Structures are given as structure tokens and as C-alpha cells.
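Please open the structure in your viewer and keep the selection panel at hand. The stops below are meant to be visited in order.

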Amino acid sequence: MSKIASTFSRLVRFVPKSNPSKVLIGEPVDAQLDVGLALYQGKEVSVRPFTGASVLNPGQKTESTETISRILSPLSQNEVGSIRCIGLNIKLSIPDVPTLFIKPPTALSDPWPAPTILPKITQVDNTGDYESEMVIVIGRDAKDVSEADALDYVLGYTAANDVSSRTSQMNQSQWCFSKGFDTSCPIGQ
């Protein structure tokens, strides 16, 4: 387990009910709680905040508690470079050469109830589509990392939606345009 992740087991980035202009990170008090489901059901979720301002630099857990007003993406857009994606990885044979594409940082957005904006291009021919995805959050710079050491760079895991324009995707060989729209990658929960 990475040095960063060893300071927490579950971490959420959120706006607290006590101060709607603040963004905090913290660990749910109830370690077994499905945070996304609880918030969707209108339940209150208590969190023990950390002293840091980012999941990349969480600081230490405090003994105080806050209640989540709104859940946010684990990372902010300014903490993300390109979002690297692997396509065609389910329901098909594993390809010899993986299909890789990127999404820009502006694609990153918060999970429900934040809106995902479907661009006009998807509305013209009704080809806006989405897929649920697993996200691996890399917690520090990594290049030429061996397979044996790869998990030392993983900060954590979460869920995402991959919002796409299917017409644009199928009309070209690269997918960055068809999958890189603003808010096309809500992650978290």
C-alpha cells in the first residue's frame, strides 16, 4: 500500500453543511457506510475531517466531525493532468494493443447530484451515452514503474461515468473528442 494511502482507508472530498464555502477531505465515521447511497437516500453522513486540503496531501485525521452537504470528486480539476483511459476492456477479448485515449482535466466533474452537461453535438442525433468505469487514482508521479512496484503508486479506487458521443466516437479513430467534453467524467461515490 502506498505511503499516502496508509494514512486512511476511505476518503471523501466534500462541502460540509457547517460552511458551504469550504471544501474538506475526511473519512466517514461509519466505515461500512455506502456514502453515495446514503446521500442519495437523503441520510446524513458524518465525516472525520483531515488537516490537509487534498487527497494527495491529506494530513492527519482530526477528532472533530462534519456532516456532508455535497460530495465532490476526490480530486479537483487543478490536481489532474490528463485523465488516461483504456477502452474496449470489457465483454471483448483482451486486445494485443490496448485502445488508449485521454480526457482533459475539464472533463472531470463531481458525482450526482452535480449535473453532467450533454453537449449539443450529442443532442442533435441523440447519441449521448455513458458507461460506468473503475477509476484508479495515482497518488504520485510515476514513469517506467515495474509491474511489481505499480501498486505502490496507487492512492485509491473510485467509480466514474464515461460520457460519450457515440456518433463522434465511431466516425473517427481517436476518441479524445468524443469522450473529452466538459463534465464528461464525473467521478466519486
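The model is predicted: local features need pLDDT of at least 70 and side-chain atom pairs pLDDT 80 or more, whereas totals for chains, interfaces and linings use all residues. Numbering starts from 1 along each chain as its sequence is written, and side-chain values use heavy atoms, with hydrogens and water left out.

Begin with the barrel, which four strands close in the order 1-2-3-4 with antiparallel pairing. Strands are DSSP runs (E, at least two residues), numbered from the N terminus, and two of them pair if DSSP finds at least two bridges between them. Neighbouring strands of this sheet are turned by 70° against each other on average, direction ignored; the axes are lines fitted to C-alpha atoms.

Next, select residues 12–16 and 66–72: strand 1 and strand 4, antiparallel and joined by four bridges. Phe14 stands opposite Ile71 in strand 4.

Now centre on Arg13 in strand 1. The backbone oxygen of Ser73 lies 2.6 Å from a polar atom of the Arg13 side chain.

Finally, select residues 128–138, strand 8, which pairs with strand 9 in the antiparallel sense over eleven bridges. Asp129 stands opposite Ser164 in strand 9. Nine of the twelve residues of strand 9 (residues 154–165) are buried, so this strand is largely enclosed by the rest of the structure.

Technical notes
Axes fitted to C-alpha atoms, helices over the stretch in contact; angles between N-to-C directions. Polar contact = N/O pair within 3.5 Å; in protein donor to acceptor, adjacent residues only side chain to side chain. Buried < 20%, exposed > 50% of the residue type's maximum accessible area, 1.4 Å probe, protein only.
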